[in-house]
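Hi,

Here is the structure I promised to pass on to you. Have a look at it first, and then read my notes below.

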Amino acid sequence: MLKPIRYAKLDTYDYDLLMAGGSVYSIAIPVTSDTDVDITDISSEITANDGFIYVEDHYLTFIQTEINVVAGNYFMIILVEEI
């Protein structure tokens with residue numbers, strides 16, 4: 001597969017890149033609530049780049065997103081797979 005030219009770059013957000021298994025990663029981004037404007041901004045950036053994401057020298061493709069609450073803290077979880 002040829003690597004796409006455009007990617008959503010999430011480096012401006014506070015995030016953790018975690019190995020989920022195999023070539024699948026999760027990107028955990030803290031947000032203030034399940035209606036945080038950053039969720040919309042990030043989702044729009046990913047959509048505008050056809051689901052391609054670049055973080056920490058990893059070229060990734062979008063699988064799904066969800067909002068998790070851990071000990072009262074909200075996180076946007078983006079599941080991705082390395083290209």
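The structure holds four aromatic pairs, where a pair means that rings of Phe, Tyr or Trp (its six-membered ring) have their centres within 6.5 Å; planes under 30 degrees apart count as stacked, over 60 as edge-to-face and the rest as tilted. One of them joins Tyr 7 and Phe 52: it is edge-to-face, 6.3 Å centre to centre with 75° between the planes. These two residues are 45 residues apart, Tyr 7 in the segment before β1 (8-9) and Phe 52 in strand β4 (residues 52-55). Helices (H or I, at least four residues) and strands (E, at least two) are DSSP runs, numbered from the N terminus.

Tyr 7 is buried at 8% relative accessible area, and Phe 52 is buried at 15%. Buried means under 20% relative accessible area, exposed over 50%, and partly exposed in between (1.4 Å probe, protein chains only). Ring pairs also connect Tyr 7, Phe 52, Tyr 54 and Tyr 59 into a cluster.

Now for the helix. In α1, Ile 39, Ile 42 and Ile 46 are buried. Seen down the axis, the buried residues of α1 fall within an arc of 75° (taken from the directions from the helix axis to the C-beta atoms), so they line one face of the helix. On the other side of α1, Val 37, Thr 40 and Thr 47 are exposed.

A note on the source: this is a predicted model, with residues numbered from 1 along each chain as its sequence is written. Local features need pLDDT of at least 70, side-chain atom pairs count only at pLDDT 80 or more, totals for chains, interfaces and linings use all residues, and side-chain values use heavy atoms, leaving out hydrogens and water.

Happy exploring!
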